Number of protein chains: 2
Amino acid sequence: MPITFVGIGLYDEADITLKGLEAIKNADLVLAEFYTSKLMGTTLDKMERLYGKKIHLLSRRDVEEGADDILSNVKNQNVVFLTGGDSMISTTHIDLRLRAMEQGIQTRVIHGPSIYSAVCGLTGLQNYRFGKSATIAFPYKRHVSEYPYDTIKVNKEHNLHTLLFLDIAERYMTINQAIELLFRIERRRKEDVLKGVAVGVARAGSESPVVKADYIEHLQKYDFGLPLHTLVIVGGLHFIEAEALIKLADAPNEIEKEIL
Amino acid sequence: MPITFVGIGLYDEADITLKGLEAIKNADLVLAEFYTSKLMGTTLDKMERLYGKKIHLLSRRDVEEGADDILSNVKNQNVVFLTGGDSMISTTHIDLRLRAMEQGIQTRVIHGPSIYSAVCGLTGLQNYRFGKSATIAFPYKRHVSEYPYDTIKVNKEHNLHTLLFLDIAERYMTINQAIELLFRIERRRKEDVLKGVAVGVARAGSESPVVKADYIEHLQKYDFGLPLHTLVIVGGLHFIEAEALIKLADAPNEIEKEIL
């Protein structure tokens with residue numbers, strides 16, 4: 001029997017595609033994990049009611065160490081595996097898919113809306129002006145990873161924007177916390193990388209996402225409300241991007257000075 | 001009245017989200033443009049039957065020069081504007097949204113699955129290892145733009161992958177044509193940028209997308225079948241990416257030599 005990986009989108013139970021819903025309706029067993037990405041605008045209960053199926057929620061450990069258990073179910077049942085956003089973005093999912101294939105299990109991916117493209121639509125920043133992205137993680141034993149900072153630095157050198165995913169592992173990192181962590185690195189390294197415009201996006205996919213652009217030191221004080229939060233550090237702006245940030249993200253008019 | 005921009009996804013009429021479908025059901029007028037991205041696995045007729053609404057197809061000129069006409073409809077009607085992939089990726093759509101806002105028209109974006117994230121899931125290449133993306137366009141008056149080539153070059157210098165969107169303006173560019181255009185630039189510039197692994201993806205979002213990885217000179221001869229096609233030029237590989245390309249994209253085992 002096959003395993004179908006379904007990305008259920010950004011915010012609530014209605015962000016799933018018709019194709020994804022159809023796969024659930026045909027499933028014998030529906031599994032889900034929400035530790036790599038979580039839909040904040042819904043509950044397991046609401047999802048079960050709309051999808052018409054019981055959902056078995058898996059923990060990080062279930063997925064990372066229990067792959068064999070998951071796959072043993074696939075032998076006799078039509079299994080659907082749900083994740084937030086688009087499917088297969090996390091290496092854990094790719095690993096599970098590769099193991100399934102090794103066991104001769106058919107796999108299929110059904111895509112869903114992802115923050116990866118949604119930030120472009122919400123901010124008006126152009127997708128081909130983004131460099132590589134990175135994740136800002138909470139400090140581990142007081143150690144703050146400088147990887148996102150270096151990513152921003154390289155992207156800025158090429159006038160590219162940086163999409164930063166914020167940690168959701170223990171708790172939901174806010175844009176304010178993310179900026180504070182970046183500034184902590186900057187103070188230590190005494191470089192001048194962060195200066196300029198940044199954009200925060202909260203609750204992408206909801207009826208009223210908050211999208212706010214400003215100089216990064218001002219943005220740090222802005223209240224974005226409930227999670228999930230995403231941060232974009234802006235490289236140089238094209239004039240149409242500047243116009244979009246002013247109109248869509250309430251940026252101050254001064255950002256026009258940042259136009260390339 | 002509001003204008004709602006809905007991204008209807010990758011391949012066929014079932015790639016729309018429940019939220020997008022709901023917006024169509026509540027619309028007085030449904031507009032669509034398919035010149036920036038087209039769903040190859042469906043027809044206007046099939047979409048109209050599933051969505052239960054007449055769809056008015058707009059040409060490039062309608063959208064680019066007829067924005068005022070489109071917006072005049074919004075005054076009295078609840079308008080939904082459909083596009084392939086995720087919504088608002090093209091500057092044309094952003095422009096339309098900004099004009100609507102200037103006229104005091106409420107706007108809303110409903111996201112859909114995008115090739116931008118789908119390539120990661122289909123190939124197993126990790127999203128944070130992609131640099132900036134680019135579009136390969138058909139030659140204009142025999143002039144071939146070197147912009148995608150330069151993008152690949154910079155990305156490769158940082159060991160990053162490059163996602164290349166292929167032109168769909170006049171006809172659908174194949175992966176084979178795209179590689180030929182890149183080689184044409186390489187022959188002229190006598191550089192050695194392209195060498196290495198590439199991955200072609202055809203019909204993302206369909207039941208059986210073709211995903212094939214190989215050294216670029218071999219990939220050029222591979223028959224990917226019907227459009228739409230997308231090309232990834234691979235930077236250095238992580239071992240899990242190499243494993244994924246071998247298993248998901250039928251890459252030759254030799255690509256393990258390209259592991260960083």
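Start at a helix pair: α5(A) and α10(B) cross in a left-handed sense. The model you have open is predicted.

**Stop 1: the helix pair**

Now show the side chains where the two helices touch. On α5(A), pick T91(A), I94(A), R97(A), L98(A), M101(A) and E102(A). On α10(B), pick I240(B), E243(B), A244(B), K247(B) and L248(B). Colour them by class. The contact of α5(A) with α10(B) has six nonpolar residues, one polar and four charged.

**Stop 2: the whole interface**

Zoom out to both chains. How many residues does the contact take from chain A and from chain B? Chain A gives 52 residues, and chain B gives 52 residues. Between them, the two chains bury about 4700 Å². Of that area, 64% is on carbon and sulfur atoms.

**Stop 3: salt bridges between the chains**

Side chains of opposite charge can pair when their charged atoms come close. Between chain A and chain B, the count is eight salt bridges. Over all chains, a search of the whole structure finds 40.

Select K19(B) and D15(A). Their side chains form a salt bridge, at 3.0 Å from N to O.

Next, select R108(B) and E207(A). Here too the side chains meet in a salt bridge, with an N to O distance of 3.4 Å. Follow this pair from one chain to the other. R108(B) sits in strand β5 of chain B, residues 107–110. E207(A) is in the loop between β8 (197–202) and β9 (210–215) of chain A.

**Stop 4: cis peptide bonds**

Go to P227(A) and L228(A). Is the peptide bond joining them cis or trans? The bond is cis, with omega near -5°. L228(A) belongs to the loop between α9 (216–219) and β10 (229–233) of chain A.

Then move to chain B. P227(B) and L228(B) are joined by a cis peptide bond, and omega is about 0°. Look for L228(B) in the loop between α9 (216–219) and β10 (229–233) of chain B.

**Stop 5: a positive phi**

Finish at R142(A). This residue is not a glycine, although its phi is positive, at about 65°. Where is R142(A)? Find R142(A) in the loop of chain A between β6 (134–136) and α7 (147–157).

Conventions:
Residues numbered from 1 in each chain as written. Chains lettered and ligands numbered in written order. Predicted model: local features only at pLDDT ≥ 70, side-chain atom pairs only at ≥ 80, totals over all residues. Heavy atoms only, no water. Left-handed = near helix turned anticlockwise from the far one by under 90°. Helix = DSSP H or I, 4+ residues; strand = E, 2+ residues; numbered from the N terminus. Contact = heavy atoms within 4.5 Å. Nonpolar A, V, L, I, M, F, W, Y, C, P; charged D, E, K, R; others polar. Buried area = accessible area lost by both parts, 1.4 Å probe. Salt bridge = Lys/Arg side-chain N within 4 Å of Asp/Glu carboxyl O.
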